[in-house]
Amino acid sequence: MPVAASAIYFLNLRGDVLINRLYRDDVGGNMVDAFRTHIMQTKELGTCPVRQIGGCSFFYMRISNVYIVIVVSSNANVACAFKFVVEAVALFKSYFGGAFDEDAIRNNFVLIYELLDEIMDFGYPQNLSPEILKLYITQEGVRSPFSSKPADKPVPNATLQVTGAVGWRREGLVYKKNEVFLDIVESVNLLMSSKGSVLRCDVTGKILMKCFLSGMPDLKLGLNDKIGLEKESQLKARPTKSGKTIELDDVTFHQCVNLTRFNSEKTVSFVPPDGEFELMKYRITEGVNLPFRVLPTIKELGRTRMEVNVKVKSVFGAKMFALGVVIKIPVPKQTAKTSFQVTSGRAKYNASIDCLVWKIRKFPGQTEPTMSAEVELISTMQEKKSWTRPPIQMEFQVPMFTASGLRVRFLKVWEKSGYNTVEWVRYITKAGSYEIRC
Amino acid sequence: MALSGMRGLSVFISDIRNCQNKEQERLRVDKELGNVRTRFKNEKGLTPYEKKKYVWKMLYIYMLGYDVDFGHMEAVSLISAPKYPEKQVGYIVTSSLLNENHDFLRLAINTVRNDIIGRNETFQCLALTMVGNIGGREFAESLAPDVQKLLISSSCRPLVRKKAALCLLRLYRKNPDVVNVDGWADRMAQLLDERDLGVLTSSMSLLVALVSNNHEAYWSCLPKCVKVLERLARNQDVPQEYTYYGIPSPWLQVKTMRALQYFPTIEDPNTRRSLFEVLQRILMGTDVVKNVNKNNASHAVLFEALALVMHLDAEKEMMSQCVALLGKFIAVREPNIRYLGLENMTRMLMVTDVQDIIKRHQAQIITSLKDPDISIRRRALDLLYGMCDVSNAKDIVEELLQYLSTAEFAMREELSLKAAILAEKFAPDLSWYVDVILQLIDKAGDFVSDDIWFRVVQFVTNNEDLQVINVFSIFAISFFFKSFMHWLSEFYAFPQPYAAVKAREYLDKPAIHETMVKVSAYILGEFGHLLGRRPGCSPKELFSIIHEKLPTVSISTIPILLSTYAKILMHTQPPDPELQSQIWAIFSKYESCIDVEIQQRAAEYIALSRKGAALMDILAEMPKFPERQSALIKKAEDTEIDTAEQSAIKLRAQQQTSNALVVTDQRPANGAPPGSQLSLIKIPSTETNMDQSSSHQGLSPANGTLSKVDAQSPSADFLGDLLGPLAIEGPPSSAAQPQQTIDPGLEGDPNAVDATAIVPVDEQPNAVQPVGNIAERFHALCLKDSGVLYEDPHIQIGIKAEWRLYHGRLVLFLGNKNTSPLVSVQAIILPPSHLKMELSLVPETIPPRAQVQCPLEVVNLRPSRDVAVLDFSYKFGNNMVNVKLRLPAVLNKFLHPITVSAEEFFPQWRSLSGPPLKLQEVVRGVKPLPLPEMANLFNSFRLSVCPGLDPNPNNLVASTTFYSESTQAMLCLTRIETDPADRTQMRMTVASGDPTLTFELKEFIKEQLVGIPINHPRAHTPPAPAQALAPAPAPAPPAPPVAQPSTPASSLTDPGAMLAGLL
């Protein structure tokens, strides 16, 4: 296990130390001054997250209006240190209820000290999982065993929990209604040339779960991905169902997923943590269903006029619809006047981003609304400054549609008590950077 | 301000001020710009109020640093608004948003003019301010007369005239060629009679600018200036608002005195007297007071007065008064004043001979050397350096040496350099010089730059005087002792053997500086053998002394030591086998050294030393170093920070040098600066040869020896070489030499020979015949960039050239083909007036079978076909060989082929119509060539042939770009129409944007086309200096086609033409 930090500092944007913790005494207390003078007050801030000054390494990152700085004097594991910071921030957020900023730190000094004591020991990262820590670092008072009223809740055995096999789930959970929510969220990145050919296209997706299940349930998830289906057909000695199989790249799982089972049986089986978590992430580069096609025609009529025609075609099912569609069509900086004609939605010119912004709140499938605009330009001094024509950008959300075509085939829950569960599955596709050159 | 009431503007500004960060601000600004654009584009137009408001917003955004590239039209149109608030915005925005090159300004000129000639003063002021701020050429062209009228009009208020004067000043500074100031002298004189001080101050600024350009026309203003000074300084006739801390308008005083400094002298005795009276008053009346502002003002006036006094070469009495005053300043506690005092004293040294007076303050100046402020210490050092002469050199150098040990590191190098120069320049005797240098190396070893010890070596080598060498050789040994002083006393007090014994005793002393090792090793190697007869100085002992130091020295010193060993070995006669084996062992050890230089030396020396007697020639004594300006002095000049901002002083300095020198101040071609008066050293024993003050008198003999074949006296030769670089300063008559060679018919003219005392080279029977045809080689080199320029049985001159735009770099490779050295090698470049050429030094001797490279830098100033000539001579045995070679730095080298398309070509071709830009000529007698070959020929001239541009297949169209310093890049287009029936004639049309270029290019192509064949050897000889070696004089050279831009005579007065790097 590598050393990750000798000291950790939380600084505000002015460079004042909000809170700090020294884990090893191989760095002096004044090292933070070196950070202030050599990094914060120079232009290098934000260019390189790792700097070495005077024999010490400084790892820093900015989270909202707080700089978190880790100082190490020995040969530390940089990736480990940054992972530690990221996890610690997630932990603080779960404790503070969402926000992590200067005010949140000022309001929770004691709690933070307590957490800092717990999550790192002599420079070695310890358990950072909020579920576990919340067992014994509590925000409410714990009733004394000697008080007159018996405790209505037994104090959980934290030690067992931390050292146990299923560190992420507490035993003895009981829900009246056992429910599982499963969301597949995908974002589509696209770069399309003006001629309509796809230059770059991929989908990054994640599966989010929210479990309200009693006891220690064992879950098994089946998707229509290629590996899973092939394995299944091998096992059951029957041919794969005709239909699309999806090849997932770069799959990463939550720690609860049993990887040995995944390696041998190619099934995703796990004991879920209680509450909300991200089960897996993946990426898809082939066979992407694009939800929208954009057909722009931009004509420059002389030096002072432009004609913009944009047709957007929704290529998902007619029963579905997209929400919050925004199409940003860049125009030259010297745009002076604009007039629009749209078949649906509303369009206007936004001078501060130099774009025509066309918004359509609800966009049904298999339709093609159009927008045509006339843009008048003002004449400028620099005659020859040609306009570079940045790409058209698009934002949208399409519920119940996956650009990858990924579907949940089954989600099975086993528990000793054999209760019934209700499973809810949702799909949503969002725009990542969805760009069309014009 | 007219802002009240513009709510939108104040809201916008407060929005911007409330922005939290830059990004928010940018968004707000972009939004506002969008809004302004929409408003400006509005068909209904804007009310004047709105227009004003949005233009103010634009200006505010522009001032925040954002790019505002629209709305200039609106701003300009506001200028013509009738109301003041709108006009004001218009003027302010126009002058800040637009610069002089914007086309929009043209729209405004008329309005501005109407305002200037109108009756409304406020508008006049606004207009003048804007014109002054922008100051473009078009404004100057169309408005300068009006501004001038305004300045002298009597009906205007002073306020307007003041602005007019400043506006005119700005226009004049920007475009002196456009603003017509002929006949302004009288008006300026009139203006100087002005009573209003504001107008007077502005006019004086204008006068300073005018006078700095041409003082001749403004003599009439001189007495007026003196009157103004009198009025201010003597009569104190100044309104209260123009006195500053009781000083009457210090600004005007300073300006007036500055203007006076542009006049070379004041002839009228009355004026002079009254001026001196005023200056006297200023000098006497200034004192150091408590108030800083008052001090600043009064000292500004005072120092300007001092500068004027220096400029006017006042009487000695006044000068001494100035020096006394400065002496007082030096003693003051206030560092600024002390600094100024020292600086002005240094300046004083430069112009007048007040050294004796300044010397009185020497003690005080030396005290300043210990000042806590480094800038003052530097000034003091400069002053000491400047005031040093023979009489006080000893004291000053002594002082500098003492100071050396306490000076801060940053200054030590400069200090040691200066001490070394002074010691060299003013050495009363040799031992003192040696002593100083020794102490210098001892005290500031690390700060003694290489140049200093190089100089010592040069100095020693060039002083052939045996005694000198002896002293130096022993001096070299003595370097190994801690102190030469010590040794010197013993050397004189005790018999020589004792000194040697003493030397051994000191040998064990550790820690001598490496520079000392270098100097002594070199000198011992060169002259150690002369010590042979002295006990303790046998080669073996010398070797062991030096060799002891080998392990302690750095890589850069080892090669020097190796050379020394080789020389010791060579001088050991009869050979000492033991020493030989010792030295060979060292060489073979270093043969595998990782440092290339050391390895090569070791390998070569070991090979050479096995050659036996032949070694003698190879390792002969180093030849004398060419005498040139001491590198030390050059370096000192470089390091001297020229803070002399006063153009007047510079101007004056230039005038003085030009009076002193016979010819001109142009830089000579080999880079040696003119006036090497500092390079020579006053030494009693050699004074007969080299006297620094006699350099000018020494000129005429120098000219004589320069090209005279001189086989007898080596010392005279030496002198000639030494003074060679001074040849430029000779009387212009000597410049007739190349003129003779131009016209072979003149060569026999005995008068010319007598008159110039130059033996024409052609009359020398040249025993050596060149190998190959020189003209042919030249023509080949015109087309390619490397090849052989000249070859004869003894030498081969190769050339390699690189051309970039209008710069060129030629490298001459001088290869000695013989087994014995070529001596008295000289190369002089005679450049035509359009080329600037700088040849690096050419060594006097080319060792046997060696090749020497001499880079030659060429800059093309103008288009011209003239050819540069290399006057090259050397001596082989008793034969003097002299050849004049044309250098292939010809017109086409500065061409860069460029292919143009039909769309580009035809508009250009049409726009360049008619002579002199487009010239056409029918050329006859062309050597018949098939068309593709001709196209190849053109391509090889770097004229890019563009096929398909001309519909007629018998025609050729070519294009190229010509580069020169005056024309920069210039497109040239050529069209050749051939007649398929008669290939010997053609019609040629050349066009370019420059008439000279067109003509020269046309002639050049014609020459090339007519002259390619070798069977017309004379037909194409350029009119510039011709081949002197041509076997038979041509019956009649072709008449020069036109009056050339550079007549031969003009190129000869060009000092660069006469100059060359000798040796």
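1. In this predicted model, Y565(B) is in contact, once its neighbours within four places in sequence are set aside, with F543(B), I546(B), H547(B), L550(B), I583(B), I586(B) and F587(B). Y565(B) also belongs to the largest nonpolar core, which has 175 residues, and is listed with L207(B), Y218(B), L279(B), I365(B) and L562(B) as touching the most other members. Apart from that core lies another, of 70 residues, which includes L221(A), L223(A), V310(A) and Y434(A).

2. In chain B, the axes of helix α6 (residues 104–117) and helix α8 (residues 137–152) come within 10 Å and cross at roughly 5°; because angles under 35 degrees count as roughly parallel, α6(B) is roughly parallel to α8(B). On the α6(B) side the contact is made by L105(B), R106(B), I109(B), V112(B), R113(B), I116(B) and I117(B), and on the α8(B) side by E138(B), F139(B), S142(B), L143(B), D146(B), V147(B) and L150(B). By class, the residues of this contact divide into 9 nonpolar, 1 polar and 4 charged.

3. Chain B also contains an open sheet of 5 strands in the order β3-β4-β5-β8-β7, with antiparallel pairing. Its edge strands are β3 (786–791) and β7 (835–839) of chain B, each of which pairs on one side only, and the twist from one strand to the next averages 25°.

4. Helix α40 (residues 774–783) of chain B lies across β3 and β4 of chain B and runs at about 165° to β3(B).

Key:
Residues are numbered from 1 along each chain as its sequence is written. Chains are lettered from A and ligands numbered from 1 in the order in which they are written. This is a predicted model: local features need pLDDT of at least 70, side-chain atom pairs count only at pLDDT 80 or more; totals for chains, interfaces and linings use all residues. Side-chain values use heavy atoms; hydrogens and water are left out. A nonpolar core is a set of buried Ala, Val, Leu, Ile, Met, Phe, Trp, Tyr and Cys residues joined through side-chain atoms within 4.5 Å. Buried means under 20% relative accessible area, exposed over 50%, partly exposed in between (1.4 Å probe, protein chains only). Contact means heavy atoms within 4.5 Å. Axes are lines fitted to C-alpha atoms, for helices over the stretch in contact, and angles run from 0 to 180 degrees between N-to-C directions. Helices (H or I, at least four residues) and strands (E, at least two) are DSSP runs, numbered from the N terminus. Angles under 35 degrees count as roughly parallel, over 145 as roughly antiparallel, 65 to 115 as roughly perpendicular and the rest as oblique. Ala, Val, Leu, Ile, Met, Phe, Trp, Tyr, Cys and Pro count as nonpolar, Asp, Glu, Lys and Arg as charged, and the others, Gly among them, as polar. Two strands pair if DSSP finds at least two bridges between them.
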